[in-house]
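Hi,

Here is the structure I said I would pass on. Have a look at it first, and my notes follow below.

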Amino acid sequence: MGLDRYSRINLNNAIAKFQIAKRIEVERLEGGLKGGLEGRLGERLGERLESELEHLLKVHSEAKEEFKEIKEELDSGKIDGNKFAEKKAAFSFLDLKVKILEKMLESCCFCERRCEVNRYSEKGFCKCTDKSYYSSEFLHMGEEPELIPSHTIFFNRCTFRCVFCQNYDIVYHDDYPVDEAEIARIVDLRYRQGSRNVNFVGGNPDQHAHTILKILRNVESNVPVVWNSNMYHSSELAEIIEDVVDVWLGDFKYGNDECALKYSKVKNYWEIITRNFKRAEKNGELLIRHLVMPGHIECCTEKIAAWVARNLNNPRFNLMFQYYPTYKAYDYPEIARRLRSDEMREAMEIAKRYALDLVR
Ligand code: SF4
C-alpha cells in the first residue's frame, strides 16, 4: 500500500493529523486539575495525581472519538478543509496530549523498558530527563524516494543499545537543548524550502514525545509527520501520539527475541514490535525498514518478511543492504563484516517470494 494520505497532504488535499488535533477544542482543565499539574514539583506523587491522569485520559478518549470523526469527514470532503483550517481552539486536543505526556513523565513508561522513573528529577535507561536535546536538523536527501526532501531532526539518546549502532555519535550524549518554538520556526522554514515531511528520529523519537508534540503545537505548515522509530514504544504512548503521526517509519530489525536481546539489549522484542506495527497500520500509514544483517537471513529477514506478508496490508518495505560493522560490532565476530553478495541475493529472493512492496 502506498502512502496515499501522505501524498494528499503533500498536495494540500488533506490535512496533517496534528493540524486537525490542534483545532479540536476539548474541556479546559480547570481548578484542581490544572493547578495540580502546575504545582507538580511541590507535591508528592500519590492517589490524587493518579486520579488526575485518569481524568485526563478519560477526556482524551472522548476527544479521540471526535478527532476520528472529524478526520474522516475532512478526508471525505464532508467538512470543508479551508474553513476548518481557520478554526482556533482555546485548549486543544493537542494541548491535552502535551499535558498527559508531561504527567506521564513523572513515572515514565514511554517505551517498553518501563523504567517508571520521575524524569523531572531522575534518568531512566535512555538517560533522558524531561529536557530534550538534538544533534542536527537538515533536508535529508538520502531517505526513501517518497520522503525526500525530508526535514530530518536528529534527537539525542535512544531506548535501544544496538552494538552496531550507526548513529552512536548522536546517541550517547546531549548536543543542543531543544527550544520548541525555535524548532517549530525551523520546521516552517524547511517546509518553505521544499520539505515533504518533518521526520523525527535519533536515536529514537519516543523518549522525546512530549517535546515533539510541543514543537508541533507551534508549527503552522501543513507538513506530514514521520515518526522514525524502533517501534518499541508502549501502548500508553501509542494512544497519545498516534493522532499526530501521519507516517510510521518503523525499523523491523529482528525476527526473534534472542537476536534482539543479544544485539540491542531489548526484551520481549517480537511481541512488542509486531503489536505496534499492527496498531500503527490501523491509525496511520506505514513504511517498514529492515536492515539485513550478515548471517541473519534465516532467523531475521525471512521471519520478518513472512510475518509482514501474513499480518499487514502490504506496506511499503525498504530492504536495506547498507549494514557495516561499527561501534561495538567487532566484539561480535559473526556480525563484524559487511553483507556478502549471496546474502543480498537471498534476502531479495525472500522479499520477492513474499511479494513485499519493495522501496526501490
Ligand atoms: S523513555 Fe523508555 S528508557 Fe527512557 S525513561 Fe522512559 S521508559 Fe525508560
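Let's start with the ligand. Around it sit Cys108, Phe110, Cys111, Arg113, Arg114, Cys115, Arg119, Gly124, Phe125, Cys126, Thr159 and Gln207, where a residue is near a molecule if one of its heavy atoms lies within 4 Å of it. By class, this shell has 6 nonpolar, 3 polar and 3 charged residues (Ala, Val, Leu, Ile, Met, Phe, Trp, Tyr, Cys and Pro count as nonpolar, Asp, Glu, Lys and Arg as charged, and the others, Gly among them, as polar).

Before the rest, some housekeeping. This is a predicted model, with residues numbered from 1 along each chain as its sequence is written. Local features need pLDDT of at least 70 and side-chain atom pairs count only at pLDDT 80 or more, while totals for chains, interfaces and linings use all residues; side-chain values use heavy atoms, leaving out hydrogens and water.

Now the cavities and pockets. Both come from a 1 Å grid over the protein atoms alone: a cavity is a set of points where a 1.4 Å probe fits but cannot get out, a pocket is an open set with protein on both sides within 12 Å along at least five of seven lines, and lining residues have an atom within 4 Å of a point. Grid points are joined across faces, edges and corners, and a volume is the space filled by probe spheres set on the points.

The count comes to 1 cavity of 30 Å³ or more. The ligand takes up the space of the largest cavity (a molecule sits in a cavity or pocket if more than half of its atoms lie within 2 Å of its grid points). That cavity holds about 100 Å³. Its lining has 14 residues, with Cys108, Cys111, Cys115, Cys126 and Thr159 nearest the centre, and divides into 8 nonpolar, 3 polar and 3 charged.

The largest pocket has a volume of about 780 Å³. Of its 32 lining residues, Gln166, Asn167, Asp251, Arg289 and Met320 lie nearest the centre. At least two lining residues come from each of β5 (225-229), β7 (285-291) and β8 (316-320), and β7 gives the largest share, 3 residues. Helices (H or I, at least four residues) and strands (E, at least two) are DSSP runs, numbered from the N terminus. The lining comprises 13 nonpolar, 13 polar and 6 charged residues.

The second largest pocket comes to about 520 Å³. It is lined by 26 residues, and Lys71, Glu281, Lys282, Asn283 and Gly284 are the closest to its centre. Here α4 supplies the largest share, 5 residues, and the classes are 8 nonpolar, 4 polar and 14 charged.

A few backbone details to check. There is a cis peptide bond between isoleucine 148 and proline 149, with omega about -5 degrees; proline 149 is in the loop between β1 (133-140) and β2 (150-155). Another cis bond joins glycine 202 and glycine 203, with omega about 25 degrees, and glycine 203 falls in the loop between β4 (197-201) and α9 (209-218).

Asparagine 12 is not a glycine, yet its phi is positive, about 65 degrees. This asparagine is exposed at 52% relative accessible area (buried is under 20%, exposed over 50%, partly exposed in between, with a 1.4 Å probe and protein chains only). Asn12 is also touched by tyrosine 191 (contact means heavy atoms within 4.5 Å), which is found in helix α8 (residues 180-192).

Cheers

Notes
Lists of a residue's contacts leave out its neighbours within four places in sequence.
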